[in-house]
Amino acid sequence: MTLPDSTSQKFLLLGSVARRDQKDGVGRVVVVFLDFANTRSRKCIESDFEKWFARNRGTECLMGHKQWYKRRKPDADCYVGEKFKDPVMHEEDCECTDADYECDYNFVRSGDECVPAGPEPIPAGVCVGDPNKETYLGSSGYRKIPGNTCKDGVKKDEKVEKKCSQAAPKEGDVIHQTFEFPNYIVQHAYFKDSTTFLVRTAEGAVWQSSNEGYTWKQLFPDKRFLAFYHHKFSNERAYLITETKFFYYTTDTGRTWYEQGAPTPPNTFGVEVLRFHPNTDTLIWTGNENCFSDGQNCHTEASYTRDNGRNWYFVEKYVRNCAFTKDKDLYADPTEIVCESYAEKTGSQVRMQLEPMQLVVGANYFSRKR
């Protein structure tokens, strides 16, 4: 107990005593007087206090401002000595950064950018002339997050000038959008249940559209891709196969892509590079081994991973096909792998087209063959 206004440094501590300790004049209840007056030599002044920010994980700003309270410095040898008051919250506006903005209406996130979901609606009376000559001020694709109080700094929500041909047509009108790729299309596919589309062209470039082809963005322009695969059991996952021991994957329908290492370069024998498992992180990779020198021992080599490529383990070499026996609608051992492989495992696999093959099944990820 102390004074109600919390200004005293003296306290009364009221407690009870266990029955076994109630002896030598000690009863059931005890009162202890505590005096802390001599532990602090003076009353705190303004310089003994500091700002304490409510957040301190990389940035003190959230929703465009900082929140802080005043507290005594840890090394200040003084006592507050003021009547207790509820802590007062202070706010300071921050400079705007990219984190203070989100995609505007009719725009969707594609990687680090906001791209149009379709033609932009415009007010009546705008773009009444030739749409190929007139322009209008439209959205940049970004808006400040509602409730955000940041000031100055990055300005991503300023209007930009656009051609009227990019605007939404009048009700009842029909428009079409044309995009010319720099080369022939050799592979294309949608992410299921989404508006995101992938296209691979003849020179090995991969393009992505997040709005059903209204706009396109080339992925990793400095890379050449041999193929891409959509995950058989996950609509959100896809893999871009380069000609090296690295590939790219997404787990969120192409919004973000990550680089990952493979055990070998992808094979050039026409074998599917990736095989999938209902457990979406479990994969089989079939690549080339010893194919960069004279090629006398060039062959395929299959490996598996259970953590989406962070760690790989050898399965079999000189294979024509390896796959999991487990399927979504087929009950089987989830660790079982079946491989078509050549009985002879020496020399160049290129010359083995007529050599005898064997079908090998292995449980526990091919460690127990039969």
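This is a predicted model: local features need pLDDT of at least 70, side-chain atom pairs count only at pLDDT 80 or more; totals for chains, interfaces and linings use all residues.
**Entry: salt bridges**

I placed the two partners next. E46 sits in the loop between β2 and β3, and K70 sits in strand β4. The pair therefore ties together parts that are 24 residues apart in sequence. I checked exposure too. E46 has a relative accessible area of 56%, so it is exposed. K70 comes to 48%, so it counts as partly exposed.

I then turned to E50 and R71. Their side chains form a salt bridge at 3.1 Å, N to O. This pair links distant parts of the chain, with E50 in strand β3 and R71 in strand β4, 21 residues apart. E50 is partly exposed at 26% relative accessible area. R71 is partly exposed at 38%.

K162 forms a salt bridge with E120, and the closest N and O atoms are 2.9 Å apart. K162 is in strand β13 (residues 160-163), while E120 is in the loop between β9 and β10 (135-138). The two are 42 residues apart, and the pair links distant parts of the chain. Are K162 and E120 buried or exposed? I found both buried.

I noted one network: salt bridges link E316, K345 and K369. The count of salt bridges in the structure comes to 15.

**Entry: disulfides**

How many disulfides does the structure hold? I read off 7. I followed up three pairs, listed below.

- C44 and C78 form a disulfide with sulfur atoms 2.0 Å apart. The link is right-handed, with 95 degrees about the S-S bond. C44 lies in the loop between β2 and β3 (49-53), and C78 in the loop between β4 (65-72) and β5 (90-93), so the pair ties together parts that are 34 residues apart in sequence. Both C44 and C78 are buried.
- C96 and C150 form a disulfide with sulfur atoms 2.1 Å apart. This link is right-handed, again with 95 degrees about the S-S bond. C96 is in strand β6 (residues 95-96) and C150 is in the loop between β11 (142-144) and β12 (151-153), so parts 54 residues apart in sequence are tied together. I found C96 and C150 buried.
- C103 and C114 form a disulfide with sulfur atoms 2.0 Å apart. The torsion about the S-S bond is about -85 degrees, so this disulfide is left-handed. C103 is in strand β7 (residues 101-103) and C114 in strand β9 (residues 113-116), so the pair ties together parts 11 residues apart in sequence. C103 counts as buried at 17% relative accessibility, and C114 counts as buried at 9%. The cut-off I applied for buried is under 20%.

Why do I call strand β15 (residues 197-201) largely enclosed by the rest of the structure? Because 5 of its 5 residues are buried. I then sorted the side chains by direction. F197, V199 and T201 point one way, and L198 and R200 point the other way. In a regular strand the side chains alternate between the two faces of the sheet.

I checked the neighbours in pairing. Strand β14 (residues 185-190) is joined to β15 by 5 bridges, and the two run antiparallel. H188 stands opposite V199 there. β14 and β15 form a hairpin with 6 residues between them. In that turn I noted D193, which has a positive phi of about 60 degrees.

Strand β16 (residues 206-209) also pairs with β15 in the antiparallel sense, over 4 bridges. S209 in β16 is the bridge partner of F197. β15 and β16 form a hairpin with 4 residues between them. G204 in this turn has a positive phi of about 95 degrees.

**Entry: a nonpolar patch**

Which residues make the nonpolar surface patch of about 500 Å²? I listed L12, L14, V29, V31 and F33. β1 (10-16) and β2 (29-35) each supply at least two of its residues. The largest share, 3 residues, comes from β2. L14 is exposed, with a relative accessible area of 54%.

**Entry: S303**

I ended with S303, found in strand β24 (residues 299-305). S303 counts as buried at 4% relative accessibility. Leaving out residues up to four places away in sequence, I found that S303 touches P263, L283, I284, W285, W312, Y313, F314 and V315.

Methods
Residues are numbered from 1 along each chain as its sequence is written. Side-chain values use heavy atoms; hydrogens and water are left out. Buried means under 20% relative accessible area, exposed over 50%, partly exposed in between (1.4 Å probe, protein chains only). Two strands pair if DSSP finds at least two bridges between them. Patches are made of residues with over 30% relative accessible area and no salt bridge: like charges are joined within 9 Å, nonpolar side chains (Val, Leu, Ile, Met, Phe, Trp, Tyr) within 5 Å. Accessible areas come from the Shrake-Rupley method with a 1.4 Å probe; for residues, only the protein chains shown count as cover. A salt bridge is a side-chain nitrogen of Lys or Arg within 4 Å of a carboxyl oxygen of Asp or Glu. A disulfide is a pair of cysteine sulfur atoms within 2.5 Å. Contact means heavy atoms within 4.5 Å.
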